[in-house]
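Take a walk through this protein chain, from its overall make-up down to a single residue. Keep the sequence and the structure side by side.

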Amino acid sequence: MLRAAAVALLIPALSLTACSKSDQDKADNAQAQLQQANQNLEQAQENLTQAKQQAAKAKAAAEKKDAQEKVTEAKQDKAQAQQKQSEAKQASEQKTRQARSDAHKRAKSDSKPVCSDCGTISSITPIQRNAQHGSGVGAVAGGVAGGAIGSQIGHGAGKTIAEIAGALGGAYAGNAAEKHIRKVTVYRVNVAMDSGGTRSVTLDSANGISTGTRVRVEGKNLAPLQ
């Protein structure tokens, strides 16, 4: 009978021990899963940070390439303009000599006193120049791009300073690039003077005048003669 009583007491104890071990195993398994989840979260955060950095570098590289292409196009336009200007200059010199000769002949045959400010247009040469003032589009676009790049740098106050510096630098570069790329056309007008010699006047427009037009030189402007 004592053996039966001992066995009866031992069975609950063994069951309790088995239950306790099973609960501990579950707790250990849950702890391991939590640790693995934390590691996965840290890795995902690191991957996200690297992806943002790579995206910022790719965007900056694309913007740099676009700017380089625009500079190349501007250089090509400049070379073509210089070639045309050289050709126009040669033609201008030839026409100037002819107009001067014609003016001298008219002056000799004219009994009226020679007008010291009067002459005949010998050539009109269009010239491309960089715009003196930007439209503001380049500065705005550059500021936005610079601010976006600056936002990828630093944290807190440092990040704010980087954004401001990037925006200011981008605005300055964008405005300078726009003035370099945007051109305006002016007209250099050579006048063979009746009294001899040649005067050159630069005008914003060549409307109303052409080679052979009789004009009076009034400072930096020309007044057609009737």
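Buried residues make up 18% of the 226 residues in the protein chain; buried means under 20% relative accessible area with a 1.4 Å probe, counting protein chains only. The model is predicted: local features need pLDDT of at least 70, side-chain atom pairs count only at pLDDT 80 or more, and totals for chains, interfaces and linings use all residues. Residues are numbered from 1 along each chain as its sequence is written, and side-chain values use heavy atoms, with hydrogens and water left out.

The protein chain has three helices and five strands. Both are DSSP runs numbered from the N terminus: helices are H or I with at least four residues, strands are E with at least two. From the N terminus on, the order is α-β-α-α-β-β-β-β.

The five strands form an open antiparallel sheet, ordered β3-β2-β1-β4-β5. Strands pair if DSSP finds at least two bridges between them. β3 (198–203) and β5 (221–224) are the edge strands, each pairing on one side only. Inside the sheet, three bridges join β1 (residues 118–130) to β4 (residues 214–218).

Finish at V191. Leaving out residues up to four places away in sequence, V191 touches G119, I121, V215, V217 and L222, among others; contact means heavy atoms within 4.5 Å.

Methods:
Buried means under 20% relative accessible area, exposed over 50%, partly exposed in between (1.4 Å probe, protein chains only).
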